[in-house]
Amino acid sequence: MHPLSPRLLFLVPVATLLVSGCTPDTTRDRVEHDVTATFANQYVQSEQVQSQPLRPAQVRGTECHSGLNKTADAGPGAWHCTISWTDPAGGRHDDGYVVLVDSLGCYQAFSDEERDATVRSADGLAVPDPRVGFDGCYDVYDGRTGTSKA
Amino acid sequence: MSSTTAVFRVEWRKLAAQPRLRAGFAVLLIAPWLFIALVLHQDRLPVETLYGRYLKDSGFATPLVVLVFSTQWIFPLIASLISGDVFSSEDAHGTWKTVLTRSVSRGEMFWGKVAAAFTATVAAVVVLGTSATLAGVALVGSQPLVNVGGVLVPARSALGHVALSWLVVLPPVLAFAALAIAVSILTRSSVLGVLVPVVIGLVMQMYVFLNAWDTVRHVLLNSPMNAWRGLFDTPAYTDPLERGLLVALAYLAASIAISLIAFHRRDITGG
């Protein structure tokens, strides 16, 4: 065995641990990407509940910031996202959401102002609007590693 | 019938006869029904728990919420209660000399006991998962369920995802069972065999709550225990599951190897 091998056997895993440790699981890119995609799907559901013709909302963009790690915008905790979207009639909206992110890559999103909003279902019942509160998860190993610092 | 099978059968009967485990299985059977019945009788929903907001919308949310709770501390507790004294009870009763001087080798005794403990642990998880699913479907219904991608999933697919989610937590749960067996053999104490893995599980859970180094969390058993979440997303992702299974298998293999070596080396002449 090469004389350096035992040292390498120790150093390589430690270096891997240190390098991979530099990339947080919860990044701004991951939160923004997932909140955008999940909101768009929840909007479709909102239309379905109301038996309206399926016309997806155009999400122009989502901006999220961590409430705890304000410099890097990374890590679990309470985040705030602003989802900018255009409804099928052309109305433009910028809706704020509190997004509670856990350390395992999942979150609960709540609309700032319409948390208890309801819509009228086909049966005439008032049901929670799927658009104003939803759960989501993202892959903590994907390539969306960007934070505000990066 | 091989000797390992004979040991398995004896150990299985011993486990099934324990009042503690019978009571535990009864709780696993009843608790999900009580939980969803209480949720249905109140206005508020546990919306800050994954799938909690859908508990009244689809019966398939019940087993997933129960799974979220179980991964936090119920699974380590189940695994420890079942496996933590499978070996050390022989120490407590001074029966090693008796059982090992029969026509059973140490290896056969070891694998028979491990097989019985693992089978009972899997049975406990299956009982809890099945009971939670039946409770949800019976008391709420088999409506489609919204997944974590915001997509409405038909009942049949939702049931399949629920079953798969409960299936993939088995390797980390068995890793906790293997830890309990290792502690039980090393300490020869049933109290420590049950308590130490529970404490390890709580420490791991506390680490998950901390906003600490993510890489450390990836090698804790909580990661594979929660890797099912990605399977029920749109699009689904399996990276956490693939890595988590390796972590669980590493804990499992290390614990079994330590247990096997310690068990073969131990002196039983004292009884």
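Okay, let's start with a helix in chain B. In α7(B), the buried residues are A158(B), V162(B), S165(B), W166(B) and V168(B). Looking down the axis of α7(B), those buried residues fall within an arc of 165°, so they line one face of the helix. And what sits on the face turned away from that buried side? There you find the exposed residues R156(B) and L167(B).

Before I go on, keep in mind that this is a predicted model.

Buried or exposed? V66(B) has a relative accessible area of 8%, and the cut-off for buried is under 20%, so V66(B) counts as buried. One more thing on this spot: V66(B) and I36(B) are 30 residues apart along the chain, and their C-alpha atoms are separated by 9.6 Å.

Okay, aromatics. Over all chains, the structure holds 16 aromatic pairs. One of them is Y107(A) with Y138(A), a stacked pair, at 6.5 Å centre to centre with 25° between the planes. Why pick that one out? Y107(A) lies in strand β4 of chain A, residues 106-111, while Y138(A) is in the segment after β7 (133-137), so the pair ties together parts that are 31 residues apart in sequence. Both partners come out as buried: Y107(A) has a relative accessible area of 0%, and Y138(A) is at 4%.

F39(A), Y43(A), W85(A), Y97(A) and F134(A) form one aromatic cluster.

Which ring does R243(B) lie over? That would be Y141(A), with R243(B) over its face at 3.9 Å from the ring centre, so here a chain B residue sits over a chain A ring. Then in chain B, K113(B) lies over the face of F87(B), at 5.6 Å from the ring centre.

That's my tour, happy to take questions.

Terms used:
Residues numbered from 1 in each chain as written. Chains lettered and ligands numbered in written order. Predicted model: local features only at pLDDT ≥ 70, side-chain atom pairs only at ≥ 80, totals over all residues. Heavy atoms only, no water. Phe/Tyr/Trp six-rings, centres within 6.5 Å; stacked < 30°, edge-to-face > 60°. Helix = DSSP H or I, 4+ residues; strand = E, 2+ residues; numbered from the N terminus. Buried < 20%, exposed > 50% of the residue type's maximum accessible area, 1.4 Å probe, protein only. Lys NZ or Arg CZ within 6 Å of the ring centre and 35° of its normal. Arc of directions from axis to C-beta.
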